[in-house]
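Me: I'd like to learn how to read strands and aromatic contacts in a model. Can you walk me through one?

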Amino acid sequence: MQKWRARKGCRSVTGWSKPAPAIGARSAIKQTIRPLISHAWRWAAGLVSVGAGLASILSSSDQIKAKLDSDGLAPGFTTTVRWIGISPAVDTATSIGDSIQLAVTATDARGNALLGAPTVWSSSDTMVASVDSSGMVVTRGPGGTAVMVSIGDKSVKARIYVVQRPAGLRVTDSLFRLPEGDQGRPGAHLVDVRGHEIKGSTTRWRSADPSIAMVDSAGNAVAIAPGRTTFTASWDGMVGQLPVEVYAVPSSLTVLSGDDQRAPAGRRVTQPVTVQVVSRSGRPISGVPVRFLLEEGAGKAEPVADTSDTKGMARVLWTLGGLPGRQVLTVTAEGVASPAVVTAEAEPVAANTRITVLNETLEGPAGGTLPEPVGVRVTDTSGVALVDVPVAWSAGDDGAVLASESRTDSLGEARARWTLGPKSGTQRAYVQVGSPRTVPRFAISAAALPGAAAKATIVGSPKREGSVGRELRPAVVIKVVDRAGNPVEGVPVKLQTASGTVSDSLLSTDSIGRVTVPWTLGRTAGVQQLTAHVEGIERAIEITVRAKAAGPANLTFVTPKPGTANRAVQSLDVDLTDAYGNPVADQPVVFSTKFGTVSPTRVMTDARGRAHTRWTPAPKTGKRSLLAVVKGTDARAAFVLEATDTVAPAKPATEKTASTKPVAGKPAAVKKHKAQRASR
């Protein structure tokens, strides 16, 4: 017996033992004692294992549960698991929600019970039962499942079955209502001890008063006549009762008030819509569900559903949709085949009204009637024409409008005759669609064209002045207007000059009825004239300008009278002219000399452009000169005297062409000059 155990091992309470080692000849005493010690340890391990199993079932302390936690191996746990067991291995629950506590026992290779070994629990079908980390199983539904626990690399399963046992019969409804002549099926089912329904259970039915409602054994009910009765459901001595009510069948709906009303689109009609539900015999029926249905865009009904009162009436408040036109409210009642129809007229509002002008271009003579009637088209935002909508016309800018129709036609259009005001430019007429409280007036623009040219005037002061040979600045501007004073555009203006030139002799008035005259004055100082002929106006416009001389350009000494060269004092004049020979007035001429004295040295030219001074030349022979200049310009001149024994007449000369020839003079003058030199 000992030899077989040494070869194969044996099954004990704690599992299979390892094979015994070979027996040596020198250790006879050890061979005799070792089996006895081994059997003693095995019995002791078995007792410990049984105690551990009882402890795992009965103990509820947090310390034992923490040791059996399935999150993983306990810290420092290294013992190899040889055998595990589970209790109970098979169990059955009779209701959903029951709980079963499973216990697990584990031993090592020596048969020692392993306390605190970490466990892992799982259920093969959690819809039947679930298990937590402590081995607590909770049933979830009918059927069977396997609950597995693992310790290390060892696992064991327990079978759990859920078979619901009827504990009561429950009726689904507190009141079963049927319309007369209709059919239905009442509800009832069996439940377990915890109140959960047992699927697939069947009950038997009967009616307390078949003259009001009948029900067969399978639960198919038929309403016979209005009234109340009771249905009874039963199963194996269990009974449930269901009150039954059969109500009258509605036959028709009648609209009592609220039909054919008018309100602005998007607003509530003033009167509630009221309908009445009646039976086949014409009596009002209470408690009938009534629904109020609106087409898309037809607004909102409050409430959308109601129940007829004791007089069979139901009411609704109707807010119209945003689209103008006829809108429809459909009323239905449960059991009534034909609905009731209520209509209302939605008036246009600004948010859902579009107004467009039919005429692409509107223009006519100021003060006259447009050649074609002005028209508008009224639609909603989707382009649908608004028919038979009131339209009112008015005009601004002293104009007038006469409407052809007071409402839009079948195309949503309305027309009127428009007489423009007397002023040219943009004028406006106004269209009022519907009520001014809901739709603002719509403005239409037209161009009032001026009439024929009737008057031409010079803009600004008629007195003008310019410089010869230059373009007149500021230029002359001519304005052309019609009889009402409106500027006329595009009127030809022909220019004709008596002196000077124009860059373009034929011009046209601009958009504000004006034309600018490009006039370059002639070269002769004085009064110059230009004539403007405006087409359509008989009387020409005469433009007069005083042309001033241009800037100083030439300065010339006036030749003295013969015989004055020998005088002690020379009375001299200079003439200042522009580049065209026109005398330049009011210009300072400065005289200077190195030969004698001159007075005055600064002289303003007169209206003839002449300046006068007196020069006392030095008494000496030879060339003597007097210089005259206009500062800031190139205008300058020199007067030269040349004195010799034979005095010649003095000659004026410019500074650039000063005379170097001797000037003959009178003998007396020469003698006097010599005497003066001798006295010095």
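Me: How many bridges join strand β38 to β40, and do they run parallel or antiparallel?

Reply: Keep in mind that this is a predicted model. As for the general idea, strands of a sheet pair through backbone hydrogen bonds, in either a parallel or an antiparallel way. Here β38 (residues 455-458) and β40 are joined by four bridges and run antiparallel.

Me: Which strand (residues 514-517) do four bridges join to β40?

Reply: That's β44, and the two run antiparallel.

Me: Why is β40 largely enclosed by the rest of the structure?

Reply: Count its buried residues, taking buried as under 20% relative accessible area. Five of the six residues in β40 (476-481) are buried, so the strand is largely enclosed by the rest of the structure.

Me: What is the order of the strands in the open sheet of four?

Reply: Read across the sheet and you get β13-β20-β19-β16, with mixed pairing. β13 (176-179) and β16 (204-207) are the edges: each has a single partner strand, so one side of each has no neighbour in the sheet. From one strand to the next, the twist averages 30°. Within this sheet, β19 (residues 227-235) and β20 (residues 238-247) run antiparallel, joined by nine bridges. T230 faces its opposite number, P243, in β20.

Me: Now the rings. How many aromatic pairs does a search of the whole structure find?

Reply: Four. With a pair, check the distance between centres and the angle between planes. F176 and F231 are 6.3 Å centre to centre with 45° between the planes, a tilted pair. Then ask where the partners sit: F176 is in strand β13 and F231 in strand β19, so the pair ties together parts 55 residues apart in sequence. Both F176 and F231 are buried.

Me: What about W615 and F639: what is the angle between the planes?

Reply: It's 90°, at 6.1 Å centre to centre, so by the over-60-degree cut-off this pair is edge-to-face. W615 lies in strand β53 (residues 610-616) and F639 in strand β55 (residues 636-643), 24 residues apart. W615 counts as buried because its relative accessibility is 0%, and F639 is buried at 0% as well.

Me: Which residues form one aromatic cluster?

Reply: F557, F591, W615 and F639.

Me: And which residue lies over the face of Y430?

Reply: R441 does, at 3.7 Å from the ring centre.

Definitions and conventions: Residues are numbered from 1 along each chain as its sequence is written. This is a predicted model: local features need pLDDT of at least 70, side-chain atom pairs count only at pLDDT 80 or more; totals for chains, interfaces and linings use all residues. Side-chain values use heavy atoms; hydrogens and water are left out. Buried means under 20% relative accessible area, exposed over 50%, partly exposed in between (1.4 Å probe, protein chains only). Two strands pair if DSSP finds at least two bridges between them. Axes are lines fitted to C-alpha atoms, for helices over the stretch in contact, and angles run from 0 to 180 degrees between N-to-C directions. Rings of Phe, Tyr and Trp (its six-membered ring) pair if their centres lie within 6.5 Å; planes under 30 degrees apart count as stacked, over 60 as edge-to-face and the rest as tilted. A charge sits over a ring if NZ of Lys or CZ of Arg is within 6 Å of the ring centre and within 35 degrees of the ring normal.
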